[in-house]
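Morning, everyone. Please have a look at the structure I've put up, and then I'll walk you through a few parts of it.

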Amino acid sequence: MKKRLDPLLHNELRLAVMSLLISLEKADFNFLLKETGATRGNLSVQLTKLKEAGYLSIEKSFKDNYPLTTCQIESQGVEAFEAYVEALQSFLKPGGKKS
């Protein structure tokens, strides 16, 4: 039986952000902007959705007098990402066979 895919993570940009944060744990807004190729507005909206779900936290500060937005994946985000990957794998394995 196929597992249900988390609709929040089943979005290209949100999945890209979570994929980056799962390995880095923390990244700033400009890094995520560069790595995803998203627009500032779209990235901001998608980060807010992930934050509201408890998947990541967002910290706003200043560095050298410039605003600095840092995103950090939360344990709930790690669990959701791992569940998403596992669910996706159930779609890739014919008949739901485990490897």
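I'll talk about a pocket, a pair of strands and a pair of helices. Keep in mind that this is a predicted model.

Start with the pocket. This is the second largest pocket, and its volume is about 170 Å³. Which residues line the second largest pocket? They are Phe29, Ser44, Leu47, Thr48, Lys51, Ile58, Lys60 and Thr69. By type, that lining divides into three nonpolar, three polar and two charged residues. Helix H3, residues 40-52, and strand E2, residues 56-63, each supply at least two of the lining residues. H3 gives the most, with four.

Now the strands. E2 runs antiparallel to strand E3, residues 66-73, and eight bridges join them. Find Lys60, one of the pocket-lining residues. Its bridge partner in E3 is Thr69, and Thr69 also lines the second largest pocket. E2 and E3 form a hairpin, with two residues between them. Look at Asp64 in the turn: its phi is positive, about 55°.

Last, the helices. How do H1 and H3 lie relative to each other, roughly parallel or roughly perpendicular? The axes of H1, residues 12-24, and H3 come within 10 Å and cross at roughly 70°. Angles of 65 to 115 degrees count as roughly perpendicular, so H1 and H3 are roughly perpendicular to each other. On the H1 side, the contact is made by Leu13, Arg14, Val17 and Met18. On the H3 side, it is made by Asn42, Leu43, Gln46, Leu47, Lys49 and Leu50. The contact residues divide into six nonpolar, two polar and two charged. Notice Leu47: it belongs to this contact, and it lines the second largest pocket too.

Key
Residues numbered from 1 in each chain as written. Predicted model: local features only at pLDDT ≥ 70, side-chain atom pairs only at ≥ 80, totals over all residues. Heavy atoms only, no water. 1 Å grid on protein atoms, 1.4 Å probe; cavity = no way out; pocket = protein on both sides within 12 Å on 5 of 7 lines; lining within 4 Å. Points joined across faces, edges and corners; volume = space filled by probe spheres on them. Nonpolar A, V, L, I, M, F, W, Y, C, P; charged D, E, K, R; others polar. Axes fitted to C-alpha atoms, helices over the stretch in contact; angles between N-to-C directions. Parallel < 35°, antiparallel > 145°, perpendicular 65-115°, else oblique. Contact = heavy atoms within 4.5 Å. Pairing = 2+ DSSP bridges.
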